[in-house]
Amino acid sequence: MSATYAITYARTHTATFVSDNIRNVLRDIVRESGLDPAKLMDDWQTLGKAAKTWLESGHLYEVVIEFFTEGSNIAAARWDIPINYDGSGDDSDMWYSKEHLLRTIAKAARPPANAKYRVILRHRPGAENVGGMVDAEFRSLNGLVARIAGTSIATPDIV
């Protein structure tokens with residue numbers, strides 16, 4: 001019984017750490033893009049519950065933030081944050097590199113000053129339903145090209 005408790009506790013602790021830092025990453029992306037993160041903070045009660053729930057179950061595989069202008073179906077900018085469940089296994093390996101993130105954001109094109117944003121959590125089939133979460137379709141990338149930014153958050157279970 002104690003082994004189950006230890007595994008459950010470790011996964012819950014890891015999910016809390018990662019979901020809190022996903023919020024921090026998203027807040028920094030919004031703020032460094034010249035926009036107000038108030039909407040993100042307001043929405044985080046629902047988004048955070050979903051992120052933590054799906055991290056604990058292993059269903060969350062990507063977090064996406066899209067920037068767009070009102071009425072447009074084309075993304076002005078987009079950040080895709082993949083979630084990998086193949087961490088180092090080292091219990092002391094829990095970190096968040098804000099400096100790395102800020103350097104990466106500084107190299108990226110900013111969305112327009114009047115842009116809006118939304119966060120989409122992508123999960124695998126079979127994920128538990130979380131109240132307040134609805135299906136969403138991505139806006140067109142219309143030529144935007146993906147760049148790999150590297151790892152900003154790491155834990156023993158999740159990278």
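**Exercise 1. The second largest pocket**

Task: Describe the second largest pocket of this predicted model by its volume, its lining and the elements that supply the lining.

Solution: 
- Step 1. Begin with the volume, which is about 560 Å³ for the second largest pocket.
- Step 2. Identify the residues at its centre. The lining comprises 24 residues, and those closest to the centre are Ile120, Leu121, Met133, Val134 and Ala136.
- Step 3. Sort the lining by class: 14 residues are nonpolar, four are polar and six are charged.
- Step 4. Assign the lining to secondary structure. Helix H2 (38-57) and strand E4 (116-123) each provide at least two lining residues. The most comes from E4, with seven residues.

**Exercise 2. The sheet that contains E4**

Task: In what order do the strands of the open sheet lie, and which strands stand at the edges?

Solution: 
- Step 1. The open sheet has three strands in the order E2-E1-E4, and their pairing is antiparallel.
- Step 2. Note the twist, which averages 15° from one strand to the next.
- Step 3. Examine one pair. Strand E1 (residues 60-68) is joined to E4 by eight bridges in the antiparallel sense. As an example, leucine 60 has histidine 123 of E4 as its bridge partner.
- Step 4. Place the helix. H2 packs on the sheet and touches E1 and E4, with its direction at about 5° to that of E4.

**Exercise 3. Threonine 46**

Solution: 
- Step 1. Threonine 46 lies in helix H2.
- Step 2. Its relative accessibility is 30%.
- Step 3. Leaving aside residues up to four places away in sequence, threonine 46 touches Gly131, Gly132 and Met133.
- Step 4. Compare sequence with space for one of these contacts: threonine 46 and glycine 131 are 85 residues apart in sequence, yet 7.5 Å apart from C-alpha to C-alpha.

**Exercise 4. Asparagine 142**

Solution: 
- Step 1. Asparagine 142 belongs to the loop between E4 and strand E5 (153-154).
- Step 2. Its phi is positive, about 40°, although the residue is not a glycine.
- Step 3. Asparagine 142 counts as exposed because its relative accessibility is 57%, and the cut-off is over 50%.

Methods. Residues numbered from 1 in each chain as written. Predicted model: local features only at pLDDT ≥ 70, side-chain atom pairs only at ≥ 80, totals over all residues. Heavy atoms only, no water. 1 Å grid on protein atoms, 1.4 Å probe; cavity = no way out; pocket = protein on both sides within 12 Å on 5 of 7 lines; lining within 4 Å. Points joined across faces, edges and corners; volume = space filled by probe spheres on them. Helix = DSSP H or I, 4+ residues; strand = E, 2+ residues; numbered from the N terminus. Nonpolar A, V, L, I, M, F, W, Y, C, P; charged D, E, K, R; others polar. Buried < 20%, exposed > 50% of the residue type's maximum accessible area, 1.4 Å probe, protein only. Contact = heavy atoms within 4.5 Å. Pairing = 2+ DSSP bridges. Axes fitted to C-alpha atoms, helices over the stretch in contact; angles between N-to-C directions.
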